[in-house]
Amino acid sequence: HLTLSAAALFDRLLPFEGLSVRFPADESAARLAYAQSASLLAFLDATIVNQDELTIAFLDRRPLFPGHVLLIPRTHHVTIEDLPPGLIEPLFAQARTLAGAVRRAMGAEGTFVALNNTVSQSVPHLRVHIVPRVRKDGLRGFFWPRNPYEDDAAMEAAGAAIRAELD
């Protein structure tokens with residue numbers, strides 16, 4: 001599933017939010033082992049909160065709030081569009097479980113669950129953010145200004161374009 005060379009992937013992973021990668025003395029062998037196994041676990045230097053055969057969840061080192069968790073598939077996929085059908089249910093079942101655990105553990109009123117696809121994606125690897133939330137915590141809306149449609153015709157045109165892509 002790797003779409004980048006192992007070296008390019010690691011160069012992009014180093015700044016990953018909440019993730020640092022440790023390599024043994026033979027760095028190229030470590031990079032190759034990672035690429036072959038597609039498993040972050042051997043190299044993760046993170047506070048892991050949950051893991052299974054398909055996913056790893058760990059605390060973001062630069063959280064929006066304490067308890068901000070990143071959930072990633074063990075295999076490399078850049079966006080949700082790249083995620084194989086067989087991983088959709090396990091990934092989002094974990095996100096659901098983690099959302100409840102984060103809410104309860106952090107004494108939050110709710111959670112914000114989100115992912116980016118390409119734009120605003122600092123590292124080309126799919127991840128789900130699970131962020132504890134309370135009312136008046138300082139985050140507004142979806143973190144960006146709302147841009148209403150020019151008119152009903154513009155809204156209908158956007159809807160028609162999306163429906164056409166689904167056909």
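**Notes on the sheet and the cores**

1. In this predicted model, strand S2 (residues 55–59) is paired with strand S3 (residues 69–73) in the antiparallel sense, and five bridges join the two. Within this pairing, Ile56 has Ile72 of S3 as its bridge partner.

2. The S2 and S3 pair belongs to an open sheet of five strands, whose order is S1-S2-S3-S5-S4 and whose pairing is antiparallel. Strand S1 (48–51) and strand S4 (110–114) stand at the edges with a single partner strand each, so one side of each has no neighbour in the sheet. On average, and with direction ignored, neighbouring strands of this sheet are turned by 20° against each other.

3. The largest nonpolar core comprises 13 residues, and those with the most contacts inside it are Val69, Leu71, Leu91, Leu98, Val128 and Ile130. Two or more residues of this core come from each of S3, helix H3 (85–105) and strand S5 (128–133), and H3 gives the most, with six residues.

4. Leu71 deserves a separate look. When its neighbours within four places in sequence are left aside, Leu71 is in contact with Thr55, Ile56 and Ala57, with Leu91, Gln94, Ala95 and Leu98, and also with Leu126, Arg127, Val128 and Ile130.

5. Another core, of five residues, lies apart from the largest one, and among its members are Ala46, Phe58, Leu70 and Ile72.

Technical notes: Residues numbered from 1 in each chain as written. Predicted model: local features only at pLDDT ≥ 70, side-chain atom pairs only at ≥ 80, totals over all residues. Heavy atoms only, no water. Pairing = 2+ DSSP bridges. Helix = DSSP H or I, 4+ residues; strand = E, 2+ residues; numbered from the N terminus. Axes fitted to C-alpha atoms, helices over the stretch in contact; angles between N-to-C directions. Core = buried A, V, L, I, M, F, W, Y, C linked by side-chain atoms within 4.5 Å. Buried < 20%, exposed > 50% of the residue type's maximum accessible area, 1.4 Å probe, protein only. Contact = heavy atoms within 4.5 Å.
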